[in-house]
Amino acid sequence: MIAINYAQLLRVALPEVIVVASALIVMAADFVLLRRYNTRIRFALAAGIASVGCVAAIVRILLTPEVANILNGVLIANPLTHLVQIAVLTLTIFILLLSVDSTFTQHVGEFVLLLLVATAAMMFLAATQDLLIIFIALELLSLSLYILAAFNKSSAQSWEAALKYFLFGGMSAAFLLFGFSLLYGLSNSTSLPLIAAAIHGPALNPLLVIAIVTTAIGLGFKVAAAPFHFWAPDVYQGAPAPSAAFIASGSKVASFFLFFQVMALGFAGAEGTAALPNFVRGWVPVMALMAAVSMLLGNLVAIRQSSLRRLLAYSAIAHAGYMLLAIVAHTEQSLAALLYYVVTYALATLGAFGVIAVVEQQTGDDQLSSFDGLSRKTPILSFCLAIFLLSLAGIPPLAGFFAKFYLFVTVLNASPGSMGLLWLIVLAIAMSAVSLYYYLRVLKRVYVAPPAAGAAVIRTPLLSQALLLVLAAAVMLLGCAPHLLLRWIDAAVRASGL
Amino acid sequence: MLAWTIYISFLGAAAMLLLPRSSAASARILALITAIAGFAIALIVFVHHHTGEMHTLIRVPWIPSLGIEYHLADDGISLTLVLLTGIIAITGILFSWNIEERTKEFFAFYLLLIGAVYGVFLSYDLFLLFVFYEIVIIPKYFLIAIWGSTRREYGAMKLALYSFVGSAMVLIGLIAAYVAAGANTTSLSQLAQFPFSPHFQMWAFPLVFVGFAILAGMWPLHTWAPTGHVAAPTAASMLLAGVVMKLGAYGCLRVAMVLFPLGLGPWGFHVLGLGSWRDVFALLAVIGIIYGALVALVQKDFKFVIGYSSVSHMGFVLLGLMTLNQIGISGAVLQMFSHGILAGLLFAVVGRMVYARTHTRDLAALNAMNLYKIIPFAAVTFVIAGMASMGLPGFSGFVAELMVLIGVWRAYPLLALCVGFGLIVGVVYVWRAMQKAFFAGAGTVLVPPNPPLPPITIPERLGATILIATSVLVGLYPQLLLNIVVPALNSPLFEGLRKGSWQ
């Protein structure tokens, strides 16, 4: 029996505690004090309080960075977990502030509460190497996201999306739990490093193969990798804009970090290889296959979309494919590349959803035709959208380009001396050439097509416009000077090991 | 100092967005001043630059953890092309003086494109070069899609996708080279010294070469060029044919051939009489020359004639590179310059002087107007440009093509004969287009244009004069450029190429 130092536990978990506490404060304030004001003011105050909470958590992490490993990996604090937590918190702040101008709900307190609870779940997700905590945190996150997706009570689409998300999510959670139970059975432990030590052996145990596949299914669902992506297009389309942005950005960051950790730590010793010409059984070929299918399906199906949200959903599937390549490589550099990629990707997607939210509020839908001639109606917003989409397409000098470059370099570097993973890189680069086509189609609407006759001028709320400009500037800055973020990520990865 | 060509163009593009919304004149003047400033810098450096060897302009670490540097440098070859870019930029603005719709945005995209082109020519770090190379794609797309004519959205998308596919191939090659060298550097000179295995070079060379050659209009991947040129507004066609196609050829020489010189060596076996990638690309280049000329011969659309002539002339550049001897490659560089000037001039006549006035490019319809009587300046300009394009002595095209031909004669005597045939067809298509477009025959029923055509404006006259004067100057005194191009080819950078299969 290990004695638990509760004081230390509280100290390490203080950032999460701050977030949860601010969630409760928001809820109480909204119920008790703010009921009689209109939605706009309630949203502004609630988002303000919540943002202060998130900022406080960030400050706490930055000022007194704890380094700890409690109960063999149940709760971990090191520079790497701090980095992921700060990234998640920053994204949450952006989403809170972007949602201030939305009108889809009267239940402001609940909405903000769920956002913050989900954020806390993501923070726990980043800070643990224990199967039980992983599963609990993942379920907390998922349940919050289901409700967030359904939050627009007046829209049948939102309900349908949430129901689909919930059903698929429940099933994938079952798969994940099944995989975890097998792992526990094989190793008699719930700690990832101990599991890895136990399953290490010359031949793959058939039960381990099942565990690998079911875990991959469960986590593949979270990151929307094909063929477990069916929920993504509907949720991206049906959910209220802030929820969709949250699912597409913050939750992606945490899920990918988790996915990498579970695979690289928990299944160390059962890697196999996906390098041509000699595949070896293990989890790496499974990841490689998922990556290849995601890249192909996401990019090719995105071409046919006529709604910008669905287009972003398929592009998210494609990007999940690229990011899975980092897991295929599972080296320290590829973890750094993955973090850089997922953070810059989250910034760009968040920005794109911000633009969609503004356009939707004025034109009523997110069909591509609603974006006709946007550059004549609101040049600044169009410029931001162009920056976000071109970054997603990987055009330099935007962040998305360097992210792709660095990712591909580290993947190819993972098997020194051989070009065995080159086939994946060739596929990824070829598919990113395809992706330019559908991003350009959107920009063609924005810049080339004439505005529809009698279309009203689009007014962008001042706060949204400022936030979108900040995001666009960040995407440009991280593309021109990747080192600003990369230096930090590199140091964190080196300091924490894998 | 030369680095400021890039910064000035980008700053000009940014300043364009700050101008008042409705003021087209100020946008034009700002663009012109920016372009002239860029050219003036290039000219000053050119005057002071006697040796043609490599000068580092700036070299600072950019992304240290990956060994990527912000490294700009110039040598004789890049300086030649920077000068070309400066001239085309100025004249392109003069020929787009009539843009009235969304003028500000037009020139913002235009200057962005120019700045990125300068950047490609001056980059000495592969990552940096690639960044500039890809920035070019987006403004190109919008220039055509917004301000273009016939099937503009199709032409623009085709151009963007061809370019992007090309750069994707280049990117694969560059990443593979970076990883294979394992030296944590993307510096061109350091990677060029790394002994990549012959097996690696054998697949990496064609990949990167073709990736760049797509943009240089290599047959059979040239199809973006005619449609793109035709769809583009005049200034954009001038830039596309004049400068952007040179980016591809420059990449072939500066990156593909320098990094992987062994890729040009023999395979060790023969397929259809071809024994190396060098043979393959030389053959494709010759096919391009003849095919482009023959197709230009039967076009009904005036602008397509010029579009296909570009494919034909760019064939000379690629062929010159594949001769792998000094006279052939320096001829290729000279041809890049010469074709840049002449294609710019031809597109200016067709797009601005003729099409913008008559609103038709159909040769039969133009023939009935007997334009020689109405806009004699355009006719005279086209005659001069046509003569230069045919390769008449006294113009830049003559020297360049002669040097390429001598180089080919040494390397591939048989192909030289085919090129001779291509040259003859070249005379014929120019002649045909000239006669049909400007000079109505004796028995033609004349249909005078209605309403009457506006006269040729001063900016147009100025632009045409600059381009003709440049071509004549280089034609009469080619040493002007050769003095800096030849030493650049003898610099250490091309050592691998010289040691390998240089003849």
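Which helices of chain A cover the buried residues of H6(A)? The legends below, written for a predicted model, begin with the view that answers this question.

**View 1. Helix H6 of chain A and what covers it.** Helix H6 of chain A runs through residues 131–149, and its 19 residues reach 26 Å from the first C-alpha to the last, close to the 27 Å expected at 1.5 Å a residue. The buried residues of H6(A) include A:Leu131, A:Ile134, A:Leu138, A:Leu141, A:Leu145 and A:Leu148, and A:Ser142, A:Ser144 and A:Tyr146 are also buried. In an α-helix there are 3.6 residues a turn, so residues three or four places apart point the same way. What covers the buried residues of H6(A) includes helix H5 (108–126), helix H7 (156–187), helix H10 (231–238), helix H11 (241–248) and helix H12 (250–266), which belong to chain A.

**View 2. The fold of chain A as a whole.** The secondary structure of chain A comes to 21 helices and two strands, and its C-alpha trace spans about 70 × 55 × 40 Å along the principal axes. For 498 residues, a compact globule would have a radius of gyration near 23 Å, and the 22 Å of chain A agrees with this. Of these 498 residues, 60% count as buried. Among the contacts in chain A between residues at least 6 apart in sequence, 79% join residues at least 24 apart.

**View 3. The side of chain A that touches chain B.** Here 27 residues of chain A are in contact with 25 residues of chain B. Helix H18 (399–413), helix H19 (422–447) and helix H21 (483–496) of chain A are the elements that give two or more residues to this side of chain A, and H19(A) gives the most, with twelve residues. By class, the side of chain A that touches chain B has 22 nonpolar, three polar and two charged residues.

**View 4. Cis peptide bonds in chains A and B.** Most peptide bonds are trans. In chain A, however, a cis peptide bond with omega of about 0° joins A:Ala226 and A:Pro227, and A:Pro227 has its place in the loop between helix H9 (206–222) and H10 of that chain. In chain B, a cis peptide bond joins B:Trp219 and B:Pro220, again with omega of about 0°, and B:Pro220 lies in the loop between helix H9 (198–215) and helix H10 (224–231) of chain B.

View 5. Most residues other than glycine have a negative phi. With 17 other C-beta atoms within 10 Å, B:Arg102 is partly exposed.

**View 6. The hairpin of strands S3 and S4 in chain B.** Strand S3 of chain B (residues 266–271) lies largely in the open, because the number buried among its six residues is zero. Two bridges join S3(B) to strand S4 (residues 274–276) of chain B, and the two strands run antiparallel, with B:Pro266 standing opposite B:Ser276 in S4(B). The hairpin has two residues between the strands, and in this hairpin B:Leu272 takes a positive phi near 55°.

Terms used. Residues are numbered from 1 along each chain as its sequence is written. Chains are lettered from A and ligands numbered from 1 in the order in which they are written. This is a predicted model: local features need pLDDT of at least 70, side-chain atom pairs count only at pLDDT 80 or more; totals for chains, interfaces and linings use all residues. Helices (H or I, at least four residues) and strands (E, at least two) are DSSP runs, numbered from the N terminus. The expected span of a helix is 1.5 Å times one less than its number of residues. A residue is buried if 20 or more other C-beta atoms lie within 10 Å of its own, exposed if 12 or fewer, and partly exposed in between; C-beta atoms are placed from the backbone. Two residues are in contact if their C-beta atoms, placed from the backbone, lie within 7 Å. Ala, Val, Leu, Ile, Met, Phe, Trp, Tyr, Cys and Pro count as nonpolar, Asp, Glu, Lys and Arg as charged, and the others, Gly among them, as polar. The radius of gyration is taken over C-alpha atoms; the globule rule is 2.2 Å times the number of residues to the power 0.38. Two strands pair if DSSP finds at least two bridges between them.
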